[in-house]
Amino acid sequence: MKLLLVEPNFPIAIKSKNHSHFLPIGLLKIGTYHKLKKDRVKLVRGLKRCGFTPDRVLITSAFTYWSRYVHEAAEFYRKAYPSAKIEIGGIYASLMPEDCKKRSPFASVYRGLYRRSVAEKVAVDYSLLPDELDYQIIHTSRGCTRRCTFCGTWRIEPEFTFIDSVLPLIKKRKLVFYDNNLLANPHIDKILNELAKYRTDKGHALRCESQSGFDLSLLTPRRAKLLKDAHFVNPRIAWDGRYKTWYKVREVIKVLESAGYKRKDIYIFMIYNYVVPYAEMRKKLDACRRWGVRVIDCRYRPLESTEDNYKPGMKPQEFGEYHIHDRWTDSQVRRFRRAVRRQNIAILIDLPNGRYIDGCELRKVAV
Ligand code: SF4
């Protein structure tokens with residue numbers, strides 16, 4: 001069997017393709033699985049012929065609003081390899097299988113994980129990528145114990161499953177954890193202890209990072225210390241709720257600081273263009289400025305949006321051009337985004353509170 005694994009031509013800058021945020025991990029695991037079955041496997045990123053005629057073309061999908069790239073890929077590979085079976089899986093296919101089937105009726109559409117055993121037991125085949133990476137992706141769990149309304153994770157992976165040790169998985173010095181809710185793994189303390197003690201052949205300690213935010217309610221002082229000892233860098237926490245929960249966020253920042261993290265290396269995830277209105281989001285942002293921590297802003301788009309035509313920049317856009325929440329306006333979306341960037345720079349370069357770089361000038365900017 002010859003398999004072609006396809007990552008559609010998603011709008012990811014070339015320099016970011018191998019960034020840990022954007023690796024097609026699902027495809028890389030499917031690659032391992034089929035190689036073990038002695039199948040011939042190739043991976044293409046974009047729309048390119050692959051040098052053999054595949055029997056199956058497996059196309060991954062990501063955010064629902066990137067759906068058109070998936071269908072472009074399906075159409076391209078259907079024409080390129082008319083005898084191949086075209087199959088689409090991944091996030092968009094799992095969340096909107098009917099839309100996916102309607103728009104590429106010739107394709108088979110898969111929901112959820114390709115095969116649970118592949119997702120959980122099979123290693124990632126990095127050799128399918130053209131460049132060697134200096135880091136490794138690890139999952140200690142699948143799914144999430146929470147059910148946030150805006151999130152698709154628990155819809156795609158409804159069951160929360162986990163492993164109790166990472167030692168057999170470690171191959172590189174830099175580890176990026178892809179868990180949705182790392183601290184929810186009931187064996188997390190044991191795993192963090194393993195990571196703290198681990199040394200490479202050359203005697204180096206690990207460098208770990210969690211792609212998702214840490215769950216505020218699970219980040220106790222003892223855990224924060226364990227995370228630091230386990231060489232986790234740039235801790236991220238999510239503050240998706242209302243401003244009135246500020247004291248919990250401040251407490252966790254203090255806990256991380258006591259564990260040895262610098263404030264400007266701590267990040268707060270915030271969803272905006274969602275139920276918390278602009279003025280309140282600005283209060284949250286101001287609180288982060290006072291605390292000296294940086295913000296990662298996530299613009300909300302409904303899970304069922306199959307397009308996102310937001311154009312960053314100064315030019316205004318109308319309602320309907322992209323998703324603007326009922327409580328927000330286009331101008332507020334843009335101002336919030338700009339304010340986050342300006343604020344993060346100010347924190348990074350240690351400007352005193354109330355001062356920002358605006359354009360090329362250092363000045364006080366009215367909030
Ligand atoms: S905690 Fe994170 S992964 Fe879990 S449901 Fe909420 S947003 Fe999704």
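**Buried charges, salt bridges and a parallel sheet**

Glu87 is buried, with a relative accessible area of 1%, where buried denotes under 20% relative accessible area, exposed over 50% and partly exposed in between (1.4 Å probe, protein chains only). The model is predicted, so that local features require pLDDT of at least 70 and side-chain atom pairs count only at pLDDT 80 or more, whereas totals for chains, interfaces and linings use all residues. Residues are numbered from 1 along each chain as its sequence is written, and side-chain values use heavy atoms, with hydrogens and water left out.

A salt bridge is taken as a side-chain nitrogen of Lys or Arg within 4 Å of a carboxyl oxygen of Asp or Glu; by this rule the count is 24. Glu87 forms one with Arg56, the closest N and O atoms being 2.7 Å apart. Arg56 lies in strand S3 (residues 56–59) and Glu87 in strand S4 (residues 85–88), so the pair ties together parts 31 residues apart in sequence. Helices (H or I, at least four residues) and strands (E, at least two) are DSSP runs, numbered from the N terminus. Arg56 is also buried, at 16%.

Arg68 and Glu307 form a further salt bridge, with the closest N and O atoms 3.5 Å apart. Because Arg68 belongs to helix H2 (residues 67–80) and Glu307 to the loop between S13 and H11, this pair ties together parts 239 residues apart in sequence. Arg68 is partly exposed, with a relative accessible area of 36%, and Glu307 is likewise partly exposed, at 35%.

In the salt bridge between Glu209 and Arg236, the closest N and O atoms are 2.8 Å apart. Glu209 is buried at 15% and Arg236 at 10%.

Polar contacts were defined as pairs of N or O atoms within 3.5 Å; within protein, one must be able to donate a hydrogen and the other to accept it, and residues adjacent in sequence count only if both atoms are side-chain atoms. The side chain of Glu7, in strand S1 (residues 2–7), makes such a contact of 2.9 Å with the side chain of Arg45. Glu7 is buried, with a relative accessible area of 2%.

Three strands form an open sheet in the order S11-S12-S13, with parallel pairing; two strands pair if DSSP finds at least two bridges between them. The edge strands, S11 (236–238) and S13 (294–299), each pair on one side only. Three bridges join S11 to S12 (residues 267–272), and Ala238 stands opposite Phe269 in S12.
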